[in-house]
Amino acid sequence: MDKAVYWFTQDLRLQDNPTLSDVLRHSDAVAFVFVIDPRWFEQRNHHQKMMGVHRWRFLCESLMALDDELRLHGQHLIVLEGDPVEQLKSFLIEHRIDTLACAKQTGWFERMHLARLGV
C-alpha cells in the first residue's frame, strides 16, 4: 500500500494542480499537510517579519477554506508547527509514508527545505 503526503506550501489549490493529481492517481492513501514555520514571525532584516499580521490573517483564512474543500472529499488538512524539515521527517516516519510530494518550489527557503529532506 503506497502512502503519500502532499505538502502544501505556497500553492494551496486542489484544482489545476498536476503534482497533486499525480499523487492521488498513484497512491492508495494521501495525507494533506501544511507546516507553520515559527521563523516567519521572527524579526529579520530591518526588524521586519516574513509574516505580517495581514498576510497571517489571509493565510489562516486560506487554510480554513482549503480544509473545508478537503472535507467535501472526506479528507482534512493536517497543520503542523515547527521547523518544516523536522516536522515532515517526523510525520513521514511516524506514519510510515512512502512518498512526499509538493508543488514545484520557487522560493529559496522552500528549495532549501527540500534539499534538507533529500527530495
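This is a predicted model: local features need pLDDT of at least 70, side-chain atom pairs count only at pLDDT 80 or more; totals for chains, interfaces and linings use all residues.
1. Residues are numbered from 1 along each chain as its sequence is written, and side-chain values use heavy atoms, with hydrogens and water left out.

2. The protein has four helices and four strands, taken as DSSP runs numbered from the N terminus (H or I and at least four residues for helices, E and at least two for strands). Along the sequence these elements follow the pattern β-α-β-α-β-α-β-α.

3. Of the 119 residues in the protein, 40% are buried, a term that stands for under 20% relative accessible area with a 1.4 Å probe, counting protein chains only. In strand β1 (residues 3–8), five of the six residues are buried.

4. Strand β1 runs parallel to strand β2 (residues 29–36), and six bridges join the two, where pairing requires that DSSP find at least two bridges. Within this pair, Tyr6 stands opposite Phe32 of β2. The chain passes from β1 through helix α1 (residues 18–26) to β2 in a right-handed β-α-β crossover, meaning that the path over the helix runs clockwise when the strands point away from the viewer.

5. Strand β1 is also joined by three bridges to strand β4 (residues 99–101), again in parallel, and Val5 has Leu100 in β4 as its bridge partner.

Notes
Buried means under 20% relative accessible area, exposed over 50%, partly exposed in between (1.4 Å probe, protein chains only).
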